[in-house]
Amino acid sequence: MKRSLFGRLWPNVTAVVLFIGFVFPVYWMFATAFKPTGDILSDTPVWFPTDITLDHFQDAVAADNFWTFVTNSLTVTVLAVVFSLIIALAGSFALARMRFKGRRGFVVGFMVAQMAPWEVMIIAMYMIVRDAKMLNSLVPLTLFYMMMILPFTILTLRGFVAAVPKELEESAMVDGCTRAQAFRRVILPLLAPGLMSTSMFGFITAWNELPLVLVLNKEADAQTLPLWLTSFQSVFGNDWGATMAASSLFAVPILILFVFLQRRAVSGLTDGAVKG
């Protein structure tokens, strides 16, 4: 009886401990953003803010080029996700449905590209962009972000395409559809969970990326929000209130996206990982 109770209890306790460990930093970030400066710098931690203030959010939004950073981040992130989905739809369909020489090599190549850290190629990327005279431009940033998320997108969507019975596509073609029309009318609607999960992953990856924009875009007009987060640190110290407020604002789009897509995204990641 005791063993049975312990067997049921310890997974729940472990889950609660892990939940607290993951959630507490997020809570502390949001809580600190609303605390007065005196509570933030106090030697005794203030676990629950009592005197709530919005001054730190005002300081964060009032920073130089804030709205330019917002526009740039949204532009490069959305375009990178859209372009990667368009290319990945064609690539995943080819890998899942067509048989051609070197097909497995392509799949292995995508896996290797997904595992490789992009930081090791920053110097090569910088030299390419510099020689093309496209430094301080959003175009190469968008293309590089698209390349970062493309391997994962193709591999995940490949599993979804392979899970769709070929008979559905063949029936549509018998009824008069071309292969492209059968894909658009039959397969594409069934890929909605995969599209949501991969788009969320791509959005988070591009939205959070810092080293590449730090190297390629030195001018403020071509920088993104991750660099904006560093503007509250100086040789004289850190403005922790503004930093936490800026971090909270930076996390809001990700939280909103996750709230709307989390159910389909979780099922999409699971299904795409085991099928095909």
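At roughly what angle do the axes of helix α5 and helix α7 cross? In this predicted model, the answer is roughly 130 degrees, with the axes of α5 (residues 103-115) and α7 (residues 138-163) coming within 8 Å. We'll come back to that pair after a quick look at the whole chain.

**The chain overall**

The secondary structure comes to 13 helices and 2 strands. Taken along the principal axes, the C-alpha atoms fill a box of roughly 70 × 70 × 35 Å. The chain has 276 residues, and 38% of them count as buried. Take the contacts between residues at least 6 apart in sequence: 73% of these join residues at least 24 apart.

Two packed helices are described by the angle between their axes and the distance between the axes.

| Helix pair | Angle between axes | Axis distance |
|---|---|---|
| α5 (residues 103-115) and α7 (residues 138-163) | roughly 130 degrees | within 8 Å |
| α4 (residues 66-97) and α9 (residues 179-190) | about 100 degrees | 13 Å |
| α7 and α10 (residues 192-208) | about 160 degrees | 9 Å |

Start with α5 and α7. Their angle of roughly 130 degrees makes the two helices oblique to each other, and α5 passes α7 in a left-handed crossing. On the α5 side, the residues involved are Arg103, Val107, Phe110, Met111, Ala113 and Gln114, and they meet Met148, Pro151, Phe152, Ile154, Leu155 and Arg158 in α7. Sorted by class, this contact has 9 nonpolar, 1 polar and 2 charged residues.

Helix α7 also packs with α10, at about 160 degrees and with the axes 9 Å apart. Angles over 145 degrees count as roughly antiparallel, so that is the label for α7 and α10. Their crossing is right-handed. From α7 come Tyr145, Ile149, Phe152, Thr153, Thr156, Leu157 and Phe160, while α10 brings Pro193, Gly194, Leu195, Ser197, Thr198, Phe201, Gly202, Thr205 and Ala206. The class count here is 9 nonpolar, 7 polar and no charged residues. Phe152 of α7 turns up in the contact with α5 and in the contact with α10.

That leaves α4 and α9, which pack at about 100 degrees with their axes 13 Å apart. That angle makes α4 roughly perpendicular to α9. Leu89, Phe93 and Arg97 of α4 make the contact with Arg179, Phe183, Ile187 and Leu188 of α9. By class, you get 5 nonpolar, no polar and 2 charged residues.

**Aromatic rings**

How many aromatic pairs does a search of the whole structure find? It turns up 13. One of them joins phenylalanine 93 and phenylalanine 183: the ring centres are 5.2 Å apart and the planes sit at 75 degrees, so the pair is edge-to-face. The pair links distant parts of the chain, with phenylalanine 93 in helix α4 and phenylalanine 183 in helix α9, 90 residues apart. Are these two residues buried or exposed? Phenylalanine 93 is buried, at a relative accessible area of 8%, and phenylalanine 183 is buried too, at 17%.

Tryptophan 228 and phenylalanine 232 form another edge-to-face pair, with ring centres 5.8 Å apart and planes at 75 degrees. Both of these residues are buried. Elsewhere, ring pairs link Phe24, Tyr27, Trp28, Trp47 and Phe48 into a cluster.

**Two residues to look up**

First, find threonine 224 in the loop between α11 (211-216) and α12 (225-228). With a relative accessible area of 2%, threonine 224 is buried. Which residues does threonine 224 touch, not counting residues up to four places away in sequence? They are Phe69, Asn72, Ser73, Val76, Leu141 and Val213.

Then try aspartate 55, which has its place in helix α3 (residues 55-61). At 45% relative accessibility, aspartate 55 counts as partly exposed.

Methods. Residues are numbered from 1 along each chain as its sequence is written. This is a predicted model: local features need pLDDT of at least 70, side-chain atom pairs count only at pLDDT 80 or more; totals for chains, interfaces and linings use all residues. Side-chain values use heavy atoms; hydrogens and water are left out. Axes are lines fitted to C-alpha atoms, for helices over the stretch in contact, and angles run from 0 to 180 degrees between N-to-C directions. Helices (H or I, at least four residues) and strands (E, at least two) are DSSP runs, numbered from the N terminus. Angles under 35 degrees count as roughly parallel, over 145 as roughly antiparallel, 65 to 115 as roughly perpendicular and the rest as oblique. A crossing is left-handed if the near helix is turned anticlockwise from the far one by less than a right angle, and right-handed if clockwise. Contact means heavy atoms within 4.5 Å. Ala, Val, Leu, Ile, Met, Phe, Trp, Tyr, Cys and Pro count as nonpolar, Asp, Glu, Lys and Arg as charged, and the others, Gly among them, as polar. Buried means under 20% relative accessible area, exposed over 50%, partly exposed in between (1.4 Å probe, protein chains only). Rings of Phe, Tyr and Trp (its six-membered ring) pair if their centres lie within 6.5 Å; planes under 30 degrees apart count as stacked, over 60 as edge-to-face and the rest as tilted.
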